[in-house]
Amino acid sequence: ADPLVFAREAPAFATLRAARDADLAQARTLREERPADGCVAVFLPQAAWCRRVSGAFANELAQKYPDHVVALLVARDGGYRVSLRAPGGIQHLARQFESGNGRETAAGIQLLPGQELDRLMRLIAQYRG
């Protein structure tokens, strides 16, 4: 009935929090790449924990690098699922891809075919918000 009471008292919430913390800790061990000035990219494997944590981890990196484009690329069959964060206008970049969409500071591409990766990195390198 009261979500704050649930968060404070329910054993299930503690289990969920611990699982989320473990997922984030695993994500933080991955290498941050710098494909271009003003960009941080992290490639994540095709694993359930990556899908669970990609949004939260993208937001964490966006706070760590507020003036950068953050690109999280989760491997999936034939390509990547991409989460993008930036100071503004990132939805315009995402919409240049068939399954891309989003908001001003958070956008994504549901399926970026592997052969489109270089194009994405070029667009990120040219990004000016």
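Which residues of α3 are buried? They are Trp49, Cys50, Val53, Ser54, Phe57, Ala58 and Leu61, where buried means under 20% relative accessible area, exposed over 50% and partly exposed in between (1.4 Å probe, protein chains only). Keep in mind that this is a predicted model, so local features need pLDDT of at least 70 and side-chain atom pairs count only at pLDDT 80 or more, while totals for chains, interfaces and linings use all residues. Residues are numbered from 1 along each chain as its sequence is written, and side-chain values use heavy atoms, with hydrogens and water left out.

**Helix α3**

- Helices (H or I, at least four residues) and strands (E, at least two) are DSSP runs, numbered from the N terminus.
- Helix α3 takes in residues 48-64, and its 17 residues should span 24 Å at 1.5 Å a residue; the expected span is 1.5 Å times one less than the number of residues.

**Strand β3 and its partners**

- β3 is mostly covered, with seven of its seven residues buried.
- On one pairing, β3 runs antiparallel to β2, joined by seven bridges; two strands pair if DSSP finds at least two bridges between them.
- Within that pairing, valine 74 has arginine 81 of β3 as its bridge partner.
- β2 and β3 make a hairpin with two residues between them, and glycine 78 in the turn has a positive phi of about 80°.
- β3 also pairs with β5 (residues 106-113), again antiparallel, over six bridges.
- There, serine 83 stands opposite glycine 108 in β5.

**Aromatic rings**

- The structure holds two aromatic pairs; rings of Phe, Tyr and Trp (its six-membered ring) pair if their centres lie within 6.5 Å, with planes under 30 degrees apart counted as stacked, over 60 as edge-to-face and the rest as tilted.
- Phenylalanine 6 and phenylalanine 13 are edge-to-face, at 5.8 Å centre to centre and 75° between the planes.
- Phenylalanine 43 and tyrosine 80 have ring centres 5.7 Å apart and planes at 70°, so this pair is edge-to-face too.
- Phenylalanine 43 sits in β1 and tyrosine 80 in β3, so their pair ties together parts 37 residues apart in sequence.
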